[in-house]
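Good morning, colleagues. Please look at the model on the screen while I take you through it.

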Amino acid sequence: RGGLAAGGLVRGYGDYYGPVVNTAARAVKLAEPGAIVVTDEVCRRAERAPLTFEALGEHELRGMDRPVALHRVRRR
């Protein structure tokens, strides 16, 4: 299972930090075994990839100010 988010990151002490990292960490917990869950921004950036995205709706993720729209990734 996996969770992906895209956006700005903060790098420091050999690691990455910020809301994007937190969003991906929370999204992975909603993914079924063998599935990848992504945010709207990942969908937009991957529009030319041989993938389709199944909308999962908006989810309240711990530490996020507002609900986050998530999608399940499928190959075309």
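Predicted model: local features only at pLDDT ≥ 70, side-chain atom pairs only at ≥ 80, totals over all residues.

Glu54 is partly exposed, at a relative accessible area of 31%. With which residue does Arg74 form a salt bridge? The partner is Glu54, and the closest N and O atoms are 2.9 Å apart. This pair links distant parts of the chain, since Arg74 belongs to strand β6 and Glu54 to strand β5, 20 residues apart. Arg74 is itself partly exposed, with 42% relative accessibility.

Glu54 also meets Arg72, side chain to side chain, in a salt bridge of 3.1 Å from N to O. Here Glu54 lies in strand β5, residues 51-59, and Arg72 in strand β6, so the contact ties together parts that are 18 residues apart in sequence. Is Arg72 buried or exposed? Its relative accessibility is 14%, and the cut-off for a buried residue is under 20%, so Arg72 counts as buried. Together with Glu32, the residues Glu54, Arg72 and Arg74 are linked in a network of salt bridges.

A search of the whole structure gives five salt bridges. One that I would like to show you joins the side chains of Glu41 and Arg44, at 3.0 Å from N to O. Both residues are in helix α2, residues 40-45, and because they are three residues apart, about one helical turn separates them. Glu41 counts as partly exposed, with 24% relative accessibility.

Let me turn to the sheet. In what order do its strands run? The sheet is open, has four strands in the order β1-β4-β6-β5, and shows mixed pairing. Strands β1 and β5 stand at the edges with a single partner strand each, so one side of each has no neighbour in the sheet. On average, neighbouring strands are turned by 30° against each other, direction ignored. Helix α1, residues 19-28, packs on this sheet and touches β1, β4 and β6. The direction of α1 makes about 150° with that of β1.

The pairing of β4 deserves a moment. With strand β1, residues 2-4, strand β4 pairs in the parallel sense over three bridges. Within that pairing, Leu4 has Val38 of β4 as its bridge partner. With strand β6, residues 68-75, β4 pairs in the antiparallel sense, again over three bridges. There, Val37 has Arg72 as its bridge partner in β6, and this is the Arg72 that forms a salt bridge with Glu54.

Thr39 lies in strand β4, which covers residues 36-39, and stands opposite Leu70 in β6. Is Thr39 buried or exposed? Thr39 is buried, with a relative accessible area of 8%. Which residues does Thr39 contact, leaving aside neighbours within four places in sequence? They are Leu4, Ala5, Ala6, Thr23, Val68, Ala69, Leu70 and His71.

Finally, the surface. Leu9, Tyr16 and Val21 make a nonpolar patch of about 260 Å². Leu9 is placed in the loop between β1 and β2 and is partly exposed, with a relative accessible area of 46%.

To close, I return to the two themes of this talk. Glu54, Arg72 and Arg74 belong, with Glu32, to a salt-bridge network, and β4 pairs with β1 in the parallel sense but with β6 in the antiparallel sense. Thank you for your attention.

Notes
Residues numbered from 1 in each chain as written. Heavy atoms only, no water. Helix = DSSP H or I, 4+ residues; strand = E, 2+ residues; numbered from the N terminus. Buried < 20%, exposed > 50% of the residue type's maximum accessible area, 1.4 Å probe, protein only. Contact = heavy atoms within 4.5 Å. Pairing = 2+ DSSP bridges. Patch = residues over 30% accessible without salt bridge, like charges linked within 9 Å, V, L, I, M, F, W, Y side chains within 5 Å. Areas by Shrake-Rupley, 256 points an atom, 1.4 Å probe, with all protein chains shown as cover. Salt bridge = Lys/Arg side-chain N within 4 Å of Asp/Glu carboxyl O. Axes fitted to C-alpha atoms, helices over the stretch in contact; angles between N-to-C directions.
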